[in-house]
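Work through these exercises with the structure open. Each task is followed by a stepwise solution.

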Amino acid sequence: MNKTPVIEINGVSKSFKDVKAVNHLSLTIYEGEYVALLGPNGAGKTTLIEMIEGIQKPDEGSIAILGMSWKTHAQKLHRAIGLSLQETRFIDKITTEETLNLFGSFYGLGQRRTEEILDLVNLKEKRKAYTVTLSGGQKQRLALGIALLNNPKILLLDEPTTGLDPAARREIWKILEKLRSDLGTTMILTTHYMEEAEVLCERILIMDKGQFIAQGTLSELNAKHGEGDLIEISFGNNFDIEALGLSGIKKLNWIAPHTKVQIFVDNIAEVLPAVINSAKTKNIKIEELLSRKMTLDDLFISMTGRHLHD
Ligand SMILES: Nc1ncnc2c1ncn2[C@@H]1O[C@H](COP(=O)(O)OP(=O)(O)OP(=O)(O)O)[C@@H](O)[C@H]1O
């Protein structure tokens, strides 16, 4: 990977009254990287991305983008960055095409760029539709199209797919993947969806309470913080697995006391037969059994005791 720093965040904090939304964070993002800020509601993702966007001012610390700061180079940074906010409101009574033309005019762009964007975000068929009639996914693609009008080097997206169905979400992902492969764009996105972070981003920063609690690639996160594989079992009767003293179990998490459990293990093949045999010996019925690789949500639960989603 090219190691040119594009965004350098140094000891940045931001409080709202008694809430420390972002707590002394530092982070460097390199050219061409796709980075996800993943975390539950209130983790501080929007506050952090808005400080990078120049919308909020840090209480302390510094942010340099392409070596420039918002204080001294606001105009240049506006040209280098494309952003889409958590909720984009459009003017209802103008069309998709007119909306792009309007935003394009702020950058001195014309119809040609509008055509390119309509093509890129797959909204050609909706060019004459009033924005108020667009579906959630189409609106998000239009917001993304606006962010892309000035051909930004850096894309900052706050929850670009929240509330969309899986198909609409995947359509946005396709566009973002194309930008990476064709243009080498650098991107930070915030998301609640672990799958979005896993699919799109080589680096994932898991945020909670204004801090990064873990970061790395998915496999790095799993290797460092993850606990291997996961077995989830529902029993017909109470089963005290702890009392068995089985080896190879890293952690137990009871979902329903004594009847539904998540078992974190290094090696499924080692632990699973032992659990099944013990249940059989004790005449305890296994009603449901599932084994899988750990996901980021499992990782988050094991670190905080909470889900990424509420
Ligand atoms: N303008 C504000 N005034 C007061 N409190 C705020 C403001 N903006 C954010 N906060 C608080 O700061 C904390 C972090 O909020 P932030 O919106 O950055 O989190 P988030 O991770 O983006 O959450 P979500 O996923 O729900 O958007 C929360 O406790 C929030 O209530």
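**Exercise 1. Into which domains is the protein divided, and how far apart do their C-alpha centres lie?**

Step 1. This is a predicted model. The protein splits into domain 1, residues 5–223, and domain 2, residues 227–304.

**Exercise 2. Describe the contact between the two domains.**

Step 1. Apply the contact cut-off: C-beta atoms, placed from the backbone, within 7 Å. By this test, 11 residues of domain 1 are in contact with 8 residues of domain 2.

Step 2. Find the elements on the domain 1 side. Those that give two or more residues are α7 (194–200), β8 (203–208), β9 (211–216) and α8 (218–224).

Step 3. Sort that side of domain 1 by class. It has 8 nonpolar residues, 1 polar residue and 2 charged residues.

**Exercise 3. Work out the strand order of the open sheet of 3 strands, and say why one side of β2 and of β4 is left without a neighbour.**

Step 1. Read the order. It is β2-β1-β4, and the pairing is antiparallel.

Step 2. Look at the edges. β2 (19–30) and β4 (60–65) each have a single partner strand, so one side of each lacks a neighbour in the sheet.

Step 3. From one strand to the next it averages 15 degrees.

**Exercise 4. Over how many bridges do β1 and β4 pair, and which residue of β4 is the bridge partner of I9?**

Step 1. Strand β1 covers residues 5–16. Its antiparallel pairing with β4 runs over 5 bridges.

Step 2. Locate I9. Its bridge partner in β4 is I63.

Key. Residues are numbered from 1 along each chain as its sequence is written. This is a predicted model: local features need pLDDT of at least 70, side-chain atom pairs count only at pLDDT 80 or more; totals for chains, interfaces and linings use all residues. Domain bounds come from an automatic or database domain assignment. Helices (H or I, at least four residues) and strands (E, at least two) are DSSP runs, numbered from the N terminus. Ala, Val, Leu, Ile, Met, Phe, Trp, Tyr, Cys and Pro count as nonpolar, Asp, Glu, Lys and Arg as charged, and the others, Gly among them, as polar. Two strands pair if DSSP finds at least two bridges between them. Axes are lines fitted to C-alpha atoms, for helices over the stretch in contact, and angles run from 0 to 180 degrees between N-to-C directions.
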